[in-house]
Amino acid sequence: MGSSGARGQEICDWTRAFALRVIRLYQLIQQDDVGRILGRQLLRSGTSIGANVEEAQAAQSPKDFINKMNIALKEARETRYWLRLLCDAELFLAEKFADILDEIEQIIRILFTIINNARKGL
């Protein structure tokens with residue numbers, strides 16, 4: 001019921017690779033209390049995106065697929081929030097966040113497109 005074959009696998013692979021980037025970033029920022037607290041939030045939401053996308057691939061119906069992808073989109077938006085907050089808190093140079101912020105924006109756009117296309121198919 002998920003995204004068609006290779007495209008479904010592509011978004012799964014991409015969000016898994018993103019989760020690994022979030023894990024590596026978390027390992028860098030957990031050096032003080034603020035970094036640990038905000039980092040845990042980022043770690044939870046940033047790794048949840050891929051888990052929900054993966055789960056959507058085995059959806060039981062088109063509505064179930066859309067629901068699971070909507071959860072992934074919400075997690076992506078939350079991840080963007082935590083990334084922006086960490087950047088604004090100046091725990092690291094903003095340049096460290098530029099690539100991952102760009103990537104989460106791309107993921108949000110792709111998830112939004114997938115959801116809209118799936119809704120058209122209902």
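View 1. A crossing is left-handed if the near helix is turned anticlockwise from the far one by less than a right angle, and right-handed if clockwise. The model is predicted: local features need pLDDT of at least 70 and side-chain atom pairs count only at pLDDT 80 or more, while totals for chains, interfaces and linings use all residues. Residues are numbered from 1 along each chain as its sequence is written, and side-chain values use heavy atoms, with hydrogens and water left out. Helix α2 covers residues 33-56 and helix α3 residues 62-88; they pack at an angle of about 155 degrees, with their axes 8 Å apart. That angle makes α2 roughly antiparallel to α3 (under 35 degrees counts as roughly parallel, over 145 as roughly antiparallel, 65 to 115 as roughly perpendicular, the rest as oblique). Axes are lines fitted to C-alpha atoms, for helices over the stretch in contact, and angles run from 0 to 180 degrees between N-to-C directions. Helices are DSSP runs (H or I, at least four residues), numbered from the N terminus. The contact of α2 with α3 involves 14 nonpolar, six polar and five charged residues. Here Ala, Val, Leu, Ile, Met, Phe, Trp, Tyr, Cys and Pro count as nonpolar, Asp, Glu, Lys and Arg as charged, and the others, Gly among them, as polar.

**View 2. Helices α3 and α4 also have a left-handed crossing.** Their axes come within 9 Å and cross at roughly 160 degrees, which makes α3 roughly antiparallel to α4. In the contact of α3 with α4 there are 20 nonpolar, two polar and five charged residues.

**View 3. Phe 112 lies in helix α4 (residues 95-120).** Its relative accessible area is 48%, so Phe 112 is partly exposed (buried means under 20%, exposed over 50%, partly exposed in between; 1.4 Å probe, protein chains only). Phe 112 and Ile 29 are 83 residues apart in sequence and 29 Å apart in space, C-alpha to C-alpha.

**View 4. One aromatic pair is found in the whole structure.** Tyr 81 and Trp 82 have ring centres 5.0 Å apart and planes at 75 degrees, so the pair is edge-to-face. Rings of Phe, Tyr and Trp (its six-membered ring) pair if their centres lie within 6.5 Å; planes under 30 degrees apart count as stacked, over 60 as edge-to-face and the rest as tilted. Tyr 81 is partly exposed at 47%, whereas Trp 82 is buried at 13%.

View 5. Cys 12 is buried at 5% relative accessibility, and Cys 87 is buried at 15%.

Technical notes
Helices (H or I, at least four residues) and strands (E, at least two) are DSSP runs, numbered from the N terminus.
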